[in-house]
Amino acid sequence: MRTGDTRQRESLDHGWRFHLGDAPGAEREDYDDTRWRTLDLPHDWSIEGSYAEDNPSGREGAFLPTGIGWYRREVDLPDLASGARAVVEFDGVYRCSDAWINGAHLGHRPSGNIGFAYDLTSALRPGRNVLAVRVDHSQAPSARWYTGSGIYRHVWLTVTDEVHIDHWGVQITTPAVTAESAAIAVRTRIQNMSALARDAVGSFEVMDADGTVYAHGQADVSLPPEGEAMLEVDLALPSPRLWSPDHPELYLLRITLEERGRAVDLVDTTFGVRSIRFDPTDGFFLNGKPMTLRGVCHHRDGGPVGAAVPEPVLLRRLRMLKDMGCNAIRVGHSPAAPEFYDLCDRLGFLVIDEAFDGWATPKARYDYGLSFAQWWQRDLADLIARDRNHPSVIMWSIGNEVPDKTDKQAQELVDVVHELDPTRPVTCGRGISGIEDVQGFNGQGGVPGVLEAYHEEFPDRVLLLTEEPHTLQTRGFYRTRTWWRDRNRPRQEVPNLTEKELFTDGSVLYNSSYDNSGVRCCARHSWRRTRALPYLCGEFRWTGFDYLGESPRWPARTYNYGVIDLCGFPKDHFYFYQSQWTREPMVHVLPHWTHPGLEGVEIPVWVYTNCDAVELFLDDESLGVKHVGDDLHMEWRVPYSPGTLRAVARRDARDRAVTAVTTAATPAALRLSSDNTDLAADGCDISHVVFAVVDRAGVQVPQAGHTVWFSWSGPIRCLGFDNGDPLDLTAHQASQRRVFNGLGLGIFSSTQEAGDIEIIAGAVLGDQYFGDVTDVSVVIEGIDLRGGTAPDLSAYDIRYTTDGSEPSKLAARYQGPIRLDRSCVVRAVVVGEDRPVLSMEQEFIRGERPQVVDMTHGNESPADLTVAPGPHDQQAVGTWRSPHQEISLRDDGTVGRPQAYGSKSELVGSWWYDFPHDRFEDLDDAGTGEIRWIDGSTSELHLTDQGADHLDIVIANTEVRFRRISSQPTARAPEGGADT
């Protein structure tokens, strides 16, 4: 909403004081906060901290700190006009927040995922007022992913008349849409905060961005004392311009509220005209035309900025998805910031707006489940009231993989949504009970035959892949042998590309960027099926971007599910989806073409394109022409030799797109680039500075991992550095960062001050592993972000050492490449105007780069299951369910797990449990047992003292609670086969 002259709405983002830790008494007006840090909002203190394995957020919260924080801000108000009301609006505070004005408590909000507002009027005084907020995120993990901590979204102050349009009080629907006319129905809740009955008149105008009015109407309303009433009007919009992803046309509804000829309020609301329909046979329709949802799931964090995502950062990310051909986003698994939906309206995305992850049973130890019973109706109603006017929102989701989901409770939530908004359907991630309007398949939808079998059984239900596929890629990392996260479960097979693994670099926690690393199915299989099944509305892959948290284990801070990494650098899957979801000619080649030591070895070269055919060249030699087939990619086997691989894509027998990858030489230079070199002095503008390690010809070095050191000057703030490496635990606020596979990113924000801004970066570059000798270069590079003049690098003096000592003015002056014939650390200092500007160092090792023997990759079947020796306590035998999985502990020592759909289950491990004094037999003694999963990992089993109703199992250092759902496990099938 925008406001006019009749109401004042201003940002309260600037000038807060912050204290990390508890500060008893800080709600008082006279509390001394002068020693606190001064900052601007949005703010996330967790992302400013250090990664540590013992941080209570654990793998769910990316091992980043949580805790308690306080915020205070002065709010200066002149005398409020008679009858004026002042309201503070928080777009999001994570979590368990309390707020005070001048020491008066305003309220408490546990969730942190949805905004809220407090009326300040009764406690305000003319002039100086003190707003204080306490944020308690001491209990962690509070979600299954990184959430951030603090006032991580905007804060607003709104002043209105005592007769005014209520907060989120406007509802616009388009019940009938044709090419000739659209019916616009408006319901507006009007508040009267005075002690007298009041009469008002509402005027309604529908206009475009230029102010041209296309429809108007008027309605009267009578307001009871200290009460509210609904103002309703129906408008007809002639020849409407329909909103769609390709043409996101928007209108503005201006509501002016008058009393006795005086305007007392004015609110502008942006909306779009469109119709939606979900059909069980023919899928999704927008504006009467069939459309397949080409979607991704999206978490809240913005990589190096954490949960406090500036709008330009979000805009850059959404534009990348648009360039990929994405037309839909599922918000997982909590509401996004208000500006997210505004951008989706403007850019043209269809949105599934998701309210909750789980319900009453916590999925993380301290998550929203602890508050669900008391708060779900309020939070769900607020979400719908906030977002219901966005044309981008086409569906509400009431949950995701809810462990305690019952038909009765699901129906209760569905009924609430239908009552609040009857114009959109309801879904649920992994909700296929038939209660919701759209049946959402998560992981189980990737199992071959599941969708087809479900549709055959329930042909009248609408089907959607709410979370599928789950594939994993690490940018620039490759394996030629297939890897499955769920290697012993039903799946769509992907053959190994080679009999023996070709690549031995990297970590076992990285994932291959060939489409051969995932869960249940690969991206190509999933999309091929989605486009082939007319009754399937579409798919929302997990995920669009890598996100912090929900990691496999320390030291990984993220899993590699995104098609784009934490920095916003595309992975190879980005180009796969672009080849399937766009028409503008494109072609992409993988892998990179720098593979020393593999000379003469045949490397699988893949090409993605949306054209008809591709001819591949190595230098000037044609390697042949291939046509696009059902596998959705093309493959050549190319003996490796240094050079340039060039792919020429053709459509209708004409060259339409060309791309190339070239072998890189020794790292020798830095390349800096930015998407904004004219930062506005508004405290909000953003510049994304990309840094790359390149050779002397400017070719990016794909295996480079050198550290780049930074210095900046002028009115600028660094919001954080990153490189996309899941295992890089460098603090985001540090002034140095390694490149990962040649790339890194810094995000900088302007302040409200004028002045020139420049950034200087430096690195010590060369072959980090070398043979007898190598040449090392000390390089600096600069970029100007305001002022228009490139930094003068000639003014800097560089001194260096190779003996491990700190360089000084007496050290050798760098005048050209340094010849090394032994392992050492090269240290250098860059001096400008008699002061150090940069200090940097890099280790170089004479010898071969270490190879990683990665036994987790490959498509071999695991070793035969060996049942652990007994005893197997009979009171532990049974079927147990956690938020994420179900297991059966059988009396023969085997562990079973059900398949995604249907009644079959599979053997996944063995178990044993017995102690002289266990908690089944003696509640005063702790017991310990063990589960050995078939993939070789070991999980410790702890049995609680709750009458054998719960099991606490530590899986990958995370305690997971299982509850008993049956004392009789699923029986084992004969000869170790699948159970029935």
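This is a predicted model: local features need pLDDT of at least 70, side-chain atom pairs count only at pLDDT 80 or more; totals for chains, interfaces and linings use all residues.
Four strands line up in the order β40-β41-β45-β43, forming an open sheet with antiparallel pairing. The edges belong to β40 (669-674) and β43 (716-722); each has a single partner strand, so one side of each is left without a neighbour in the sheet. On average, and ignoring direction, neighbouring strands here are turned by 25° against each other. Strands of a sheet pair through backbone hydrogen bonds, either parallel or antiparallel. For β41 (residues 686-694) and β45 (residues 743-750), the pairing is antiparallel and runs over seven bridges. One of the residues involved is Phe691, whose bridge partner in β45 is Gly744.

Helix α1 (residues 311-324) lies across both β41 and β45, and runs at about 55° to β41.

Helix α1 has a helical partner too, namely α2 (residues 338-347): the two pack at an angle of about 40°, with their axes 11 Å apart. That angle makes α1 oblique to α2, and the crossing is right-handed. On the α1 side, the contact is made by Glu311, Leu314, Leu315, Leu318, Arg319 and Lys322. From α2 come Glu339, Phe340, Leu343, Cys344, Arg346 and Leu347. Sorted by class, the contact of α1 with α2 comes out as seven nonpolar and five charged residues, with no polar ones.

How values were computed:
Residues are numbered from 1 along each chain as its sequence is written. Side-chain values use heavy atoms; hydrogens and water are left out. Two strands pair if DSSP finds at least two bridges between them. Axes are lines fitted to C-alpha atoms, for helices over the stretch in contact, and angles run from 0 to 180 degrees between N-to-C directions. Contact means heavy atoms within 4.5 Å. Angles under 35 degrees count as roughly parallel, over 145 as roughly antiparallel, 65 to 115 as roughly perpendicular and the rest as oblique. A crossing is left-handed if the near helix is turned anticlockwise from the far one by less than a right angle, and right-handed if clockwise. Ala, Val, Leu, Ile, Met, Phe, Trp, Tyr, Cys and Pro count as nonpolar, Asp, Glu, Lys and Arg as charged, and the others, Gly among them, as polar.
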